[in-house]
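Please walk me through this structure, feature by feature.

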Amino acid sequence: MARISVPTTSSLPSSLRVDSTNPAVQKNLNRLSRESLISLALDWLDESNLPNSVPFLQEDGEDDEDTDDIYPPCESVEELKQLYFDMQKQKGSKRDVISRIIEGDWRYGLTLYQLAMADLAYFDQNPTSQKWSAYKILPLSPPSRNEDDEEILKVDRKSLAIPRFHPSTFIQNLQSQVLPDVKAHYHFHRPVNFPVLLLRIFVVDSPYASNLSLTGRDGSGPAANFDSSRTVYLAFPDGSPSLYITKSQSTGSAAAGESKSLQSLIVDGVPKALSRPRERFTLKNANLSSRNLDAILEKKGSGRTNAAGGGWSIYANEKIKESPLNTVLPTPPLSREPSLTSDGKKRVTEMTLVQREAKRSRSAAQARFGDSAIITDGKGVERVEIFLRDPFPSTNLLPDDVDDEAESDEQSSSGDVAAKRRRSKVEAVIQEMDGSPAPDDPPEDQSNSKSWTPSVKITFQGVHAGIVDGERVPGWMTGEDGVTVGVVRHGRISGHRV
């Protein structure tokens, strides 16, 4: 340990060791399977990773081995590699491999680089272990000034600029946004099964970038600061102006406010790290969260399904040359090939009512859902929350004992409301884009308003398989907008922050 340690603004070095008796070390290793542990140890012994994961080896000139040593050290890295290759061919328990690593080959502790590789090896083993939230990377227009000389930033929706991403430059810019009393360790990883680049950020509450950052201020031991350490993951998809961020995870018992503060720090710091002179960007929540990374890549990735959800997903297939903008209607899919009997003749038998209803239901399902919403496609989300903010519809039905005058007044009133709603359907959509309230919306400050807007929350959780009316089901239930949290107004869904 260095004799003198001063606060610094640099990040934690990858070669910084964590004692093997630290509970965080044993927790990270116990989550992996035996095969993953052996493969991880071989990755540590690789030539590219060896400078940050040096094992304990027998020094030159030592002929007599310690008889009390359960795991005698090897003489070279190649000998140690061969030992783990032999363990792959043999059968054994996971505990033996962990003991070999902690008490033998890396008895002096694991580096932050090795712990990061262990964390990401667990992610490769269990891809659904993290819950991701999607964000859009949007360009900003040149800043303007208001009357109070305050800088105003607006999203430039006409710009097609995308940020240039270079890992080393991004880390350097992101480190400048970190508070001086906090130290972070960064590690990039390229998963095999996902077209993304992962960034693991390990944060410790300490102003030092030495071994003092891993011990308590009162010298209480190496586990003191690890109890308050937090880890967050960032995923940069290939060829997509999007970003996926996980919630911060704590080794010990961290407060909810600390996790949210780290989350807000990342959301504020990432666009600044991506920005350049005269090119500034911001992050916008896409209202899409899931543990299934395939589902998020389907909706906010580099494919053609970003703006083609639900029934529009059929046009995301590159093999289909048809377009919804064609002036000529395409041939219905179920009418392209005639139904044939076993002898090759056309079937002349009329379908029953049940068969016609089944055929109509299949056509409606294909039209509303397209190639999505298939249970076996592996792209489902585990939870969807929808908030309904539509006024309760008026009715023109009155009890039979009401007089004719009241009945006529009620019918005329309900008829006006219905006509008003039909007339303002398009106006509500246009004014919603402009940010102004619809004409049929009652003012919030009007106390004598007769409309009633109930607070309804609809939650879909788990696997759902059922029968719905394909002609009446709203578009937000078919996945056209690609969101997991939203609020419905006037039949249209928009982003909602819970």
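Q: How do I read the packing of helix 3 and helix 4, and at what angle do their axes cross?
A: Two packed helices are described by the angle between their axes and the distance between the axes. Here, helix 3 (residues 77–89) and helix 4 (residues 94–105) have axes that come within 12 Å and cross at roughly 165°. So helix 3 is roughly antiparallel to helix 4. This is a predicted model: local features need pLDDT of at least 70, side-chain atom pairs count only at pLDDT 80 or more, and totals for chains, interfaces and linings use all residues. Residues are numbered from 1 along each chain as its sequence is written, and side-chain values use heavy atoms, leaving out hydrogens and water.

Q: What do those terms mean?
A: Helices (H or I, at least four residues) and strands (E, at least two) are DSSP runs, numbered from the N terminus. Axes are lines fitted to C-alpha atoms, for helices over the stretch in contact, and angles run from 0 to 180 degrees between N-to-C directions. Angles under 35 degrees count as roughly parallel, over 145 as roughly antiparallel, 65 to 115 as roughly perpendicular and the rest as oblique.

Q: Which hand does the crossing of helix 3 and helix 4 have, and which residues meet there?
A: The crossing is right-handed. A crossing is left-handed if the near helix is turned anticlockwise from the far one by less than a right angle, and right-handed if clockwise. Helix 3 brings Leu80, Leu83, Tyr84 and Met87, which meet Val97, Arg100, Ile101 and Asp105 of helix 4. By class, the residues of this contact are six nonpolar, no polar and two charged. Contact means heavy atoms within 4.5 Å. Ala, Val, Leu, Ile, Met, Phe, Trp, Tyr, Cys and Pro count as nonpolar, Asp, Glu, Lys and Arg as charged, and the others, Gly among them, as polar.

Q: At what angle do helix 2 and helix 3 pack?
A: Helix 2 (residues 34–44) packs on helix 3 at about 160°, with the axes 10 Å apart. Helix 2 is therefore roughly antiparallel to helix 3. The crossing is left-handed. Arg34, Ile38, Ala41 and Leu42 of helix 2 meet Lys81, Tyr84, Phe85, Met87 and Gln88 of helix 3. That contact has six nonpolar, one polar and two charged residues.

Q: Now the strands: which strands pair with strand 3?
A: Two strands pair if DSSP finds at least two bridges between them. Strand 3 (residues 132–139) pairs with strand 9 (residues 242–246) in the antiparallel sense, over five bridges. Lys136 stands opposite Ser242 there. Strand 3 also runs antiparallel to strand 11 (residues 281–290), joined by seven bridges. Trp132 has Ser290 of strand 11 as its bridge partner.

Q: Is strand 3 mostly covered or mostly open?
A: Mostly covered: seven of its eight residues are buried. Buried means under 20% relative accessible area, exposed over 50%, partly exposed in between (1.4 Å probe, protein chains only).

Q: What does Lys299 touch?
A: Beyond neighbours within four places in sequence, Lys299 contacts Leu288, Thr305, Asn306, Gly309, Gly479 and Gly482. Its C-alpha lies 9.8 Å from that of Glu480, 181 residues apart along the chain.

Q: Is Asn287 buried or exposed?
A: Buried, at 15% relative accessible area. Asn287 lies in strand 11, and its phi is also positive, near 55°.
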